[in-house]
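Take a walk through this model with the coordinates open.

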Amino acid sequence: MALPAHAVCYRALMTRDARFDGRLFVGVTSTGIYCRPICPARTAKPENCRFFPSAAAAQAAGFRPCLRCRPEISPDAAAWRGTSNTVSRALALIAEGALDGGEAGVEALAARLGMGERQLRRLFDQHLGVPPIVVAQTRRVLFAKQLIQDTSLSMLDVAEASGFGSVRRFNDAFKRLYRRSPRQLRTKKRVAPSAVTLRLGYRPPYDWEAMLDFLAARAIAGVELIADDRYYRTIAIDDAVGSVEVAPGRNCLLATIRLSHVRALLSVVARLRRLFDLDANVEAIGAHLKTDAGLAPLIARRPGLRAPGAWDGFELAVRAVLGQQVTVAAARRLAERLVALAGTPAQPDITGHEHLTRMFPTPAQLVATDLSQLGMPRARIGAVQALARVAAADPQLLDPPGGAEDVIERLLALPGFGPWTAHYWALRARRDSDAFPADDVALLRSPAVANRFAGPVRRRLRAAGGGRRSAGGTRLSPKELLERAEAWRPWRAYAAQHLWTADLDARGLRPAWAGPDMTK
């Protein structure tokens with residue numbers, strides 16, 4: 001990946017410019033150490049500095065991580081590579097353990113992405129400067145380093161949670177990279193942990209209020225809870241169950257994770273980063289979108305707005321079906337009934353909270369449950385049941401080889417799935433930055449797009465005598481909105497999020513998310 005000129009990178013290093021944190025790393029040839037651009041250490045001479053696009057590239061060049069600025073907690077800019085959705089998708093799969101089996105897994109990873117192994121290696125070299133296996137190894141060791149310094153987990157648990165096949169390999173990796181044993185890196189006295197709290201970094205700004213409002217409006221009682229400026233939910237990955245609690249920190253989110261098995265910890269962190277959209281470069285996205293006169297004031301009002309993701313793809317697909325042709329509040333009530341009928345009870349001693357009492361049902365549980373009590377039209381109940389049956393029979397239903405278009409095509413083939421449902425799912429679960437549910441009512445009625453049409457759209461509407469009137473102008477049709485949104489690509493998902501948030505702001509519909517007082 002092409003970095004800015006050496007002089008630009010060095011200037012960012014000299015000023016400790018936080019905008020470059022996660023976007024570049026500096027290797028100091030006189031010490032053999034690589035740092036973040038915000039490192040508090042004395043700045044090295046220009047001739048002793050080499051710059052890299054990722055931590056993996058710096059380590060591959062022979063540099064070891066700095067113990068002061070801690071690259072393991074920097075914003076994960078490697079997961080955000082502009083228009084390279086393939087690399088972003090590959091990194092998401094690696095973060096969930098796709099290459100824990102070593103080099104042999106690269107071919108399988110390429111197959112899941114619908115391409116050849118050689119093509120995948122070329123893309124990684126172009127965008128990250130290193131092959132996929134080096135990225136996986138770097139993530140593993142940096143995550144282990146974070147667990148050593150920020151938690152009280154035993155070294156055995158740290159090795160298992162970070163994906164090392166054995167304690168011996170874990171020890172060897174640290175001695176080779178840090179020139180000391182893992183125990184020598186631990187800075188706090190170990191106690192038996194009941195939970196693990198980790199810092200999940202991002203590049204500011206971050207609109208925590210808008211993120212929490214979005215999640216609060218859709219929170220399923222028993223599964224999710226928003227209280228005291230925090231987000232809570234129950235989680236289940238394979239046979240590991242527990243809960244997460246997420247709170248705002250300084251240029252990071254603080255995630256407290258309770259799990260029955262630590263080996264799922266790396267996957268939990270990867271899912272949380274996607275759910276809270278921590279890897280987006282909102283500065284670059286905003287710079288592109290604000291060239292649209294209608295979007296510019298929305299971006300100026302909320303420059304740190306993110307596009308919320310989803311904890312689980314199947315869960316979101318079910319919730320999207322429940323949300324068809326009803327309000328957000330009605331969809332939430334339907335989801336709560338569904339969870340009460342089919343979800344697994346969760347004990348407070350497992351989740352850590354008396355208000356977290358249910359797990360969202362699996363496909364098999366929904367197949368085995370009579371859903372006639374939901375109070376929905378038969379067709380929509382049939383759509384949920386069909387989705388559950390197909391997902392139970394094919395665990396890769398929502399993760400086929402290829403891109404988001406392949407998943408959307410699969411969803412559209414199911415009963416009850418139309419373009420809105422499929423694109424809404426792709427936007428949140430697949431993290432497709434260009435997904436756009438053009439027939440969404442809130443998008444169509446937005447004054448930001450109704451007031452300022454592109455020239456051809458305006459002329460066509462005038463010639464036809466105009467369309468329906470919105471509060472601030474003529475409402476576009478889905479086709480006309482898609483034409484308008486062409487200029488927003490490849491960030492149409494973020495444009496949609498700005499329009500949805502502005503719609504709530506304009507109508508004064510902020511969720512009352514105080515919830516139960518968790519401090520009592």
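Which residues are buried in α3? They are V87, S88, R89, A90, L91, A92, L93, I94 and A95. Buried means under 20% relative accessible area, exposed means over 50%, and partly exposed lies in between, with a 1.4 Å probe and protein chains only. Helices (H or I, at least four residues) and strands (E, at least two) are DSSP runs, numbered from the N terminus.

Some ground rules come next. The model is predicted: local features need pLDDT of at least 70, side-chain atom pairs count only at pLDDT 80 or more, and totals for chains, interfaces and linings use all residues. Residues are numbered from 1 along each chain as its sequence is written, and side-chain values use heavy atoms, with hydrogens and water left out. The predictor's confidence in each residue is the pLDDT, which runs from 0 to 100. Its mean over the protein chain is 86, and 88% of the residues reach 70 or more. Residues 513-520 have pLDDT below 50; this stretch has 21 contacts in the model beyond near neighbours in sequence. A contact means heavy atoms within 4.5 Å.

Back to α3. This helix spans residues 85-95 and is mostly covered, with nine of its eleven residues buried. Those buried residues pack against α4 (105-112), α5 (117-127), α6 (132-150) and α11. Just after α3, G97 takes a positive phi of about 100 degrees.

Helix α6 also holds T138. At 5% relative accessibility, T138 counts as buried. Its side chain reaches the backbone oxygen of V134 at 2.8 Å. That is a polar contact: a pair of N or O atoms within 3.5 Å, where within protein one must be able to donate a hydrogen and the other to accept it, and residues adjacent in sequence count only if both atoms are side-chain atoms. Leaving aside neighbours within four places in sequence, T138 is in contact with A55, A56 and Q59.

Now the rings. A pair of aromatic rings is described by the distance of the centres and the angle of the planes. Rings of Phe, Tyr and Trp (its six-membered ring) pair if their centres lie within 6.5 Å; planes under 30 degrees apart count as stacked, over 60 as edge-to-face and the rest as tilted. The count comes to 13 aromatic pairs. Why is the pair of Y206 and W208 tilted? Their ring planes stand at 35 degrees, with the centres 6.5 Å apart, so the pair falls in that class. Y206 is buried at 12% relative accessible area, and W208 is buried at 9%.

Y231 and F276 make an edge-to-face pair, with 5.7 Å between centres and 80 degrees between planes. Y231 lies in strand β7 (residues 230-237) and F276 in the loop between α11 (265-275) and α12 (282-289), so the pair ties together parts 45 residues apart in sequence. Both Y231 and F276 are buried. Ring pairs link Y202, Y206, W208, Y231 and F276 into a cluster.

Rings can also carry a charge over the face. The criterion is NZ of Lys or CZ of Arg within 6 Å of the ring centre and within 35 degrees of the ring normal. R218 lies over the face of F214, 3.7 Å from the ring centre. R23 lies over F20 at 5.2 Å.

Charged pairs close the tour. A salt bridge is a side-chain nitrogen of Lys or Arg within 4 Å of a carboxyl oxygen of Asp or Glu. The count comes to 25 salt bridges. R70 bridges to D150, with the closest N and O atoms 3.1 Å apart. R70 sits in the loop between β4 (64-65) and α3, while D150 is in helix α6, 80 residues apart. Both R70 and D150 are buried.

R484 and D292 meet at 2.8 Å, N to O. R484 belongs to helix α24 (residues 478-485), and D292 to the loop between α12 and α13 (296-301), 192 residues apart. R484 is buried at 5% relative accessibility, as is D292 at 11%.

R302 is buried at 12% relative accessibility, whereas D505 is partly exposed at 26%. Salt bridges that share partners join R70, E72, K145, D150 and R199 into one network.
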